[in-house]
Amino acid sequence: MPGLASWHPAAAITAALARLAAVAALLPGEWRPLQQQFRATLLAVQRAAPGLPRAVVHGDAWPANAVVMPDGQAALIDWENGGLGLPVVDLGNCLLECHLDPGLPAGRPAAWHIRPDPGRIAAVLDGYTRWRQLHDAEREILPEGIRFATACIGAIHFERALIDGIHGPTMDARLGRLRNRLAVSQAVADLAAEHLGQPGTRYAEPGHSDVTGA
């Protein structure tokens, strides 16, 4: 049997909520909206988790962790975060991170910010649903699945900044990235829902979309 993925709710949610509780009294006022969204996302996924499918997931699917094989097929590498987890969380994070290209400059934090691209979202969903269909419960929780990894990572960054005392440009860039991810998450979720169509439409056939007419 595989081990648990890094973002498996059994451990990740408990740890993230504990981190957020530990820094609650130390939060600057401008950080509180982030903390509130992180907590709301974690609790929403926690409530939904018992009714969600589980499977082996990658845990960090984005373009830098994919290679194109000689036959044209793409393969995922770097499976250290993988294991048993929630597919909707894995897909949700991929719908955000698919907007980033390999080789982005480390010294330009804004280059790591996401602007939702309907074409990339459609490509991920078309490829994903070629092999696996989302359950209705997964569609319902997908917006929180998109925000889930950001909430877990945000709790870690808050702990390091407010308890461990890590400050400076690197932490500022990380916090800026968190704000960006939350700011665009609903737009990404809306584009994903539009492309998937309503449950029971012909998008249930792999590779077909009511939006594209493919």
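Trainee: Are α1 and α2 roughly parallel or antiparallel to each other?

Mentor: Two packed helices are described by the angle between their axes and the distance between the axes. Before we apply that, note that this is a predicted model, where local features need pLDDT of at least 70, side-chain atom pairs count only at pLDDT 80 or more, and totals for chains, interfaces and linings use all residues. Residues are numbered from 1 along each chain as its sequence is written, and side-chain values use heavy atoms, leaving out hydrogens and water.

Now the case here: helix α1 (residues 9-23) and helix α2 (residues 32-48) pack with axes 10 Å apart, at an angle of about 155 degrees. Helices are DSSP runs of H or I with at least four residues, numbered from the N terminus; axes are lines fitted to C-alpha atoms over the stretch in contact, and angles run from 0 to 180 degrees between N-to-C directions. α1 and α2 are therefore roughly antiparallel (over 145 degrees; 65 to 115 would be roughly perpendicular).

Trainee: Which residues of α1 and α2 make the contact?

Mentor: α1 brings Ile 13, Ala 16, Leu 17 and Leu 20, while α2 brings Gln 35, Phe 38, Arg 39, Leu 42, Leu 43, Val 45 and Gln 46. Contact means heavy atoms within 4.5 Å. By class, that is eight nonpolar, two polar and one charged residues (Ala, Val, Leu, Ile, Met, Phe, Trp, Tyr, Cys and Pro count as nonpolar, Asp, Glu, Lys and Arg as charged, the others, Gly among them, as polar).

Trainee: At what angle do α3 and α6 cross?

Mentor: Helix α3 (residues 87-97) and helix α6 (residues 169-196) cross at roughly 110 degrees, their axes coming within 10 Å. α3 and α6 are therefore roughly perpendicular. Leu 95, Leu 96 and Glu 97 of α3 make the contact with Arg 181, Val 184, Val 188 and Ala 192 of α6. Those residues divide into five nonpolar, no polar and two charged.

Trainee: How do α3 and α4 pack?

Mentor: Their axes are 10 Å apart, at an angle of about 150 degrees, with α4 spanning residues 118-129. That makes α3 roughly antiparallel to α4. Pro 87, Leu 91, Cys 94 and Leu 95 in α3 meet Ile 121, Val 124, Leu 125 and Tyr 128 in α4. This contact divides into eight nonpolar, no polar and no charged residues. In the loop between α3 and α4 you will find Leu 104, which touches Ala 111 and Trp 112, not counting residues up to four places away in sequence.

Trainee: And how many cavities of 30 Å³ or more does the structure hold?

Mentor: Rolling a probe the size of a water molecule over the atoms shows where empty space is left. Here there is one cavity of 30 Å³ or more, a cavity being a set of points on a 1 Å grid over the protein atoms alone where a 1.4 Å probe fits but cannot get out. The largest cavity holds about 50 Å³ of space. Its lining (residues with an atom within 4 Å of a point) is Ala 5, Trp 7, His 8, Val 57, Gly 59, Gly 85, Leu 86, Val 89 and Asp 90. By class, the lining has five nonpolar, three polar and one charged residues.

Technical notes
Helices (H or I, at least four residues) and strands (E, at least two) are DSSP runs, numbered from the N terminus. Angles under 35 degrees count as roughly parallel, over 145 as roughly antiparallel, 65 to 115 as roughly perpendicular and the rest as oblique. On a 1 Å grid over the protein atoms alone, a cavity is a set of points where a 1.4 Å probe fits but cannot get out, and a pocket is an open set with protein on both sides within 12 Å along at least five of seven lines; lining residues have an atom within 4 Å of a point. Grid points are joined across faces, edges and corners, and a volume is the space filled by probe spheres set on the points.
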